[in-house]
Amino acid sequence: MSEQCLSVVMPCYNEARTVKTMAERVLVSPYTKELIVVDDCSTDGTFDIARSLKDPRVRVVRQPVNMGKGAALRRGFAEATAPFTIIQDADLEYDPADYEAMLEPLLDGRADVVFGSRFHVQRPHRVLYFWHSVGNRILTMASNMLTNLNLTDMETCYKAFRTDALKELDLREDRFGIEPELTAKVARAGLRIYEVGISYAGRTYAEGKKVDWKDGFRALYCIARYARPAVPAPSEPHPTLLPEVSRPDDAGTAGSATGP
C-alpha cells in the first residue's frame, strides 16, 4: 500500500448511534493515517464506543466539559501528525469515499486548502430542507463578499488542509462559528483554495441534526468579525516544502485497513 497521508479529526457529541459505523468507513480509506476522535463530553456512551475501536490508528480524547464543535476541532488539530488534515463529522452525512477527490488538489501541489461543496449537484445528495439550503447560500454569499472568494459552500464540514498551514491559523471559535472563521482565516492568510463536489446524505432534526437558526446568526457575526478581503494567492507553493506523498494505486491494492 502507498503511504497513508491523512489525519481525520472527528468531533462528536452524543453520536452513539453512528460513531462506530463512521469510524469504520474512515478507517477503510487507504488515505487514513490516523483518526482522532474528540468526544465533546457526550452523555450517551459515545466515548466508550469510540474507545472500543481496536484499530491502532484511532486516538480518542475527551473534552472535560461540553465546549462545542470549534473547541473540539482545535483539540483535534493540535493532535494531527499527517501531512494533510480533514474534518469528518461523526454522523453519516459525509462519505469518506470522497477523500480521494478532496485530496487530489493537495497531492498535486495545487492547493493548501480544499472545500467539499454539497451544491455541486453532479454528486449524489439527499434532498431535504429548502430554507436550510437558502440559509447556507446566504451565509456563503456574505462570507464571499467580505473575503472576495467565490465559494459555493462555506458551511461545509468537509474542509481539508495542509496540516502545517492549518496549525498556523489562530482559531478561537468554540461552536459552529468555526466554519466561517476557518474560511476567513485561510483567505486572509492567502492560502490557495480549491473546491470540489462531494456527495451528501443530510439528516433531519429527528435523526439528530444539531445546527439551528441561532447558529446562523452566530455565523453572520463571525463573518463580520473575522473576514476581510483575501490577499492575492501566492504564485509559488506555500513556503514550507510540499510533503512527498504517493497515492494508493487502486482499490485493489489498498484493501481494508481496519483493525481486528
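Is Asp89 buried or exposed? At 13% relative accessibility, Asp89 counts as buried. The legends below describe close-up views of a predicted model.

Figure 1. Asp89 belongs to the loop between β4 (84-87) and α4. With a relative accessibility of 13%, below the 20% limit for burial, Asp89 is classed as buried. Its side chain meets that of Lys69 in a polar contact of 3.1 Å. Asp89 and Lys69 are also members of one network, together with Lys159 and Glu179, held by salt bridges that share partners.

Figure 2. Side chains of opposite charge can pair when their charged atoms come close. The count of salt bridges in the model comes to 20, and three of them are described here. Arg57 pairs with Asp55 through their side chains, at 2.9 Å from N to O. Both Arg57 and Asp55 are buried. The side chains of Arg59 and Glu79 likewise meet in a salt bridge, with an N to O distance of 2.9 Å. This pair links distant parts of the chain, with Arg59 in strand β3 (residues 58-62) and Glu79 in helix α3 (residues 69-79), 20 residues apart. Arg59 counts as partly exposed because its relative accessibility is 28%. Glu79, with a relative accessible area of 28%, is partly exposed.

Figure 3. The structure holds four aromatic pairs. In one of them, the ring centres of Tyr99 and Tyr158 are 5.9 Å apart and the ring planes stand at 50 degrees, so the pair is tilted. Tyr99 lies in helix α4 (residues 99-107) and Tyr158 in the loop between α5 and β6 (159-162), so the pair ties together parts that are 59 residues apart in sequence. Tyr99 is counted as buried because its relative accessibility is 1%. Tyr158, at 0% relative accessibility, also counts as buried. Tyr99 and Tyr158 form one aromatic cluster with Tyr94 and Tyr200.

**Figure 4. Arginine side chains over aromatic rings.** Two arginine-ring arrangements are presented in this view. The charged end of Arg118 sits over the ring of Tyr200, at 5.2 Å from its centre. Tyr200 is itself a member of the aromatic cluster that includes Tyr94, Tyr99 and Tyr158.

**Figure 5. Loop residues with positive phi.** Asn14 is placed in the loop between β1 (6-12) and α1 (19-28). Its phi is near 55 degrees, a positive value in a residue other than glycine. Asn14 counts as partly exposed because its relative accessibility is 25%. Cys41 is found in the loop between β2 (32-39) and α2 (46-51). Although Cys41 is not a glycine, its phi is positive, at about 60 degrees.

**Figure 6. Gly190 and Asp112.** Gly190 lies in the loop between α7 (178-188) and β7 (193-197). Gly190 counts as buried because its relative accessibility is 5%. Although Gly190 and Asp112 are 78 residues apart in sequence, their C-alpha atoms are 9.6 Å apart in space.

**Figure 7. A nonpolar surface patch.** Met141, Met145 and Leu146 form a nonpolar patch on the surface. Together, these residues have about 320 Å² of accessible area. Leu146 is part of helix α5 (residues 130-147). The relative accessibility of Leu146 is 35%, so this residue counts as partly exposed.

Note on methods: Residues are numbered from 1 along each chain as its sequence is written. This is a predicted model: local features need pLDDT of at least 70, side-chain atom pairs count only at pLDDT 80 or more; totals for chains, interfaces and linings use all residues. Side-chain values use heavy atoms; hydrogens and water are left out. Patches are made of residues with over 30% relative accessible area and no salt bridge: like charges are joined within 9 Å, nonpolar side chains (Val, Leu, Ile, Met, Phe, Trp, Tyr) within 5 Å. Accessible areas come from the Shrake-Rupley method with a 1.4 Å probe; for residues, only the protein chains shown count as cover. A salt bridge is a side-chain nitrogen of Lys or Arg within 4 Å of a carboxyl oxygen of Asp or Glu. Helices (H or I, at least four residues) and strands (E, at least two) are DSSP runs, numbered from the N terminus. Buried means under 20% relative accessible area, exposed over 50%, partly exposed in between (1.4 Å probe, protein chains only). Rings of Phe, Tyr and Trp (its six-membered ring) pair if their centres lie within 6.5 Å; planes under 30 degrees apart count as stacked, over 60 as edge-to-face and the rest as tilted. A charge sits over a ring if NZ of Lys or CZ of Arg is within 6 Å of the ring centre and within 35 degrees of the ring normal. A polar contact is a pair of N or O atoms within 3.5 Å; within protein, one must be able to donate a hydrogen and the other to accept it, and residues adjacent in sequence count only if both atoms are side-chain atoms.
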